[in-house]
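Me: I'm about to look at a structure that is new to me, and I'd like to go through its side chains with you. Could you show it first?

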Amino acid sequence: IALFILLIACINFINLTVARSVKRAREIGIRKVVGGNRKQLIFQFLGESFVICCIAFLLAILWVQLVLPLFNQISDKALAISYLFDVKLIAGYIFLFILTCLLAGFYPAWVLSSYNPVQVLYSRFRMAGKNYLQKGLVILQFTLASFLIISTITIYAQFNYLTNQKLGYDDSNLVTVNFNGRTTNRDKARLFRDELMKNPAITDVALKNGGSWGTVAKVNGETQLPFAYETVNESYLPMLKIPVIKGRNFSEAFATDSTRSVLVNEAFAKKAGWKDPIGQTVDFWYHPGEKYTVIGLVKDYHFESMTHEIGPQLFTMKPGNNYGMVFIKIRNHQETAALKYIAGTFKSIFPFSPYSYVFRDQQNRDSYESEARWKKIMLFGAILTIFISCIGLFGLSVLTAEKRVKEVGIRKVLGASVGGMVSLLSKDFLKLVILSLLISIPVSWLAAGKWLQNYPYRISLSWWMFAMAALLVALIALVTVSFQAIKAAMANPANSLRSE
């Protein structure tokens, strides 16, 4: 993004300097007549570029200091201006500074120093050629701006998809309390659950192992299958509204459920190749004698964030596995009373353990923190890029209008309307912007598609994203150019033709 912005700024400098060169033509002619050679003129214009870049560089350092707190907030960093004072970085800044000066100043210096003094001083000078380079640079900068806008729209759409997609379970009004990475024995866990259920603000409580457990077991005889290993109680699935689509859930009515039975999710059954998982055996071969029978098939749900694909998952109530987390369902609008009661109950049962809690829906949103940061950064980058591009476009439209002021006057005298004149002055720029969109859209489509491949669950690229970006860029460019075009078209032709 930084390189895009710097390149667009250099393009503006080149275009505006060359466009303004008509006004400096007499100065260049006089310098050549009194003995100035081309080499001296090139160094003069490069020197001007150097001074402008030097002032801009110093202002940039001041601006960085001012906006660094905002950038730290957006990017979730703790950067300080003192980090910049490193030998390698300073060498990099000097190289960047010199490169920017040369990139922005060399071509204008080369063009301006080539003017013929005879033609200039006899007012026969005109900008020769079709200005292909200038047009090409305008196309390049709007291609970059369009690319960033399309990228921003894609990231926004993907972020909204991730944060609004159904996870397969109910995370509303759900509080999780961890035992700070430690497991607690089942008796204390059950006591904590029973005490919580006494409060009318709490509708249900479920127990689960702490953290993420993973292991491997044999299915179909010898096939080893890795999976997420979940130790839960019988109320876990019903409370989270996770359906058991085949077979049944755990039940205290069946004594063997805690010692010989397991549940698996759809991904587990698919990986094992089971069409009907009920009655199948899972062999924990590294613990001799531990073979479990599948009694239920659980519908897949996103037990991790949607940046990870749903993998095989197995549920057990094995007595030897302790609990490390409790899920607590709270009634609507009773959060304050419930949280106070949960904290007091926890401290009475676990007096030596620090207490912390988190709302599950907030935790799920926080898992997309990286995408949220990118969304903000790309938005700021896109706004800044299109703003700088429009500055250049506005400057070119002003200079174009000034060069065509007598043509505009004659056309108005001959009956041309204001609308017709605005169209005449604007269409050349809009053609360049449209051409830039024709280049940026396929490139953006490829880049966005490549980026989305990082997500197992993602949006499909749709025509409306590119249409929205194209419409936005075209409207911004039209407003930018039309402002000066309308001003030129409404001017009194007598003022521009008086000297003819």
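**Cysteines, rings and charges**

Reply: Let me start with a cysteine: the sulfur of Cys-101 has its closest cysteine sulfur in Cys-53, 3.8 Å away, which is too far for a bond. Please keep in mind throughout that this is a predicted model.

Me: Is Cys-101 buried or exposed, then?
Reply: Cys-101 counts as buried, because its relative accessibility is 6%.

Me: And what about Cys-54, how far is its sulfur from the closest cysteine sulfur?
Reply: The closest cysteine sulfur to that of Cys-54 is in Cys-101, at 7.9 Å, and this is again too far for a bond. Cys-54 has a relative accessibility of 29%, so this residue counts as partly exposed.

Me: OK, switching to rings. How many aromatic pairs are there?
Reply: Searching the whole structure gives 23 aromatic pairs. One of them joins Tyr-301 and Phe-303, whose ring centres are 6.0 Å apart and whose planes make an angle of 70 degrees, an edge-to-face arrangement. Both Tyr-301 and Phe-303 are buried.

Me: Why is the pair of Phe-346 and Phe-350 called tilted?
Reply: The planes of Phe-346 and Phe-350 stand at 45 degrees, with the ring centres 5.0 Å apart, so the pair is tilted; angles under 30 degrees would count as stacked and those over 60 as edge-to-face. Phe-346 and Phe-350 are both buried as well.

Me: Which residues do ring pairs link into a cluster?
Reply: The cluster linked by ring pairs consists of Trp-213, Phe-227, Tyr-229, Phe-268, Trp-274, Phe-284, Trp-285, Tyr-286 and Tyr-292.

Me: Which ring does the charged end of Arg-248 sit over?
Reply: The charged end of Arg-248 is placed over the ring of Phe-254, at 3.9 Å from the ring centre. There is also Lys-375, which lies over the face of Tyr-156, with 4.9 Å to the centre of that ring.

Me: Now the surface. Which residues form a nonpolar patch there?
Reply: The patch is formed by Phe-50, Val-51, Ile-55, Leu-59, Leu-62, Trp-63 and Leu-66, and together these residues have about 750 Å² of accessible area. Phe-50 belongs to helix α3, which covers residues 38–75, and with a relative accessibility of 43% Phe-50 counts as partly exposed.

Me: Where is Leu-174 found, and is it buried or exposed?
Reply: Leu-174 is in strand β1, made of residues 174–178, and because its relative accessibility is 0%, Leu-174 counts as buried.

Me: Let's do charges. How many salt bridges does the structure hold?
Reply: There are 12 salt bridges in the structure. One of them joins Arg-373 and Asp-76, with 3.7 Å between the closest N and O atoms. This pair links distant parts of the chain, as Arg-373 is in helix α12 (residues 369–403) and Asp-76 is in the loop between α3 and α4 (87–112), 297 residues apart.

Me: How accessible are Arg-373 and Asp-76?
Reply: Arg-373 counts as partly exposed at 23% relative accessibility, and Asp-76 is partly exposed too, with a relative accessible area of 48%. A network of salt bridges links Asp-76 and Arg-373 with Glu-369.

Me: What does Asp-170 form a salt bridge with?
Reply: Its partner is Lys-329, and the closest N and O atoms of Asp-170 and Lys-329 are 2.8 Å apart. Asp-170 is in the loop between α6 (132–164) and β1, while Lys-329 is in strand β10 (residues 325–330), so the pair ties together parts that are 159 residues apart in sequence. Asp-170 and Lys-329 are both buried.

Me: And which parts does the salt bridge of Lys-246 and Asp-276 tie together?
Reply: The side chains of Lys-246 and Asp-276 meet at 3.6 Å, N to O. Lys-246 is in strand β5 (residues 244–247) and Asp-276 is in the loop between α9 (266–272) and β7 (281–283), so parts 30 residues apart in sequence are tied together. Lys-246 counts as partly exposed at 35% relative accessibility, and Asp-276 counts as partly exposed at 37%.

Definitions and conventions:
Residues are numbered from 1 along each chain as its sequence is written. This is a predicted model: local features need pLDDT of at least 70, side-chain atom pairs count only at pLDDT 80 or more; totals for chains, interfaces and linings use all residues. Side-chain values use heavy atoms; hydrogens and water are left out. Rings of Phe, Tyr and Trp (its six-membered ring) pair if their centres lie within 6.5 Å; planes under 30 degrees apart count as stacked, over 60 as edge-to-face and the rest as tilted. Buried means under 20% relative accessible area, exposed over 50%, partly exposed in between (1.4 Å probe, protein chains only). A charge sits over a ring if NZ of Lys or CZ of Arg is within 6 Å of the ring centre and within 35 degrees of the ring normal. A disulfide is a pair of cysteine sulfur atoms within 2.5 Å. Patches are made of residues with over 30% relative accessible area and no salt bridge: like charges are joined within 9 Å, nonpolar side chains (Val, Leu, Ile, Met, Phe, Trp, Tyr) within 5 Å. Accessible areas come from the Shrake-Rupley method with a 1.4 Å probe; for residues, only the protein chains shown count as cover. A salt bridge is a side-chain nitrogen of Lys or Arg within 4 Å of a carboxyl oxygen of Asp or Glu. Helices (H or I, at least four residues) and strands (E, at least two) are DSSP runs, numbered from the N terminus.
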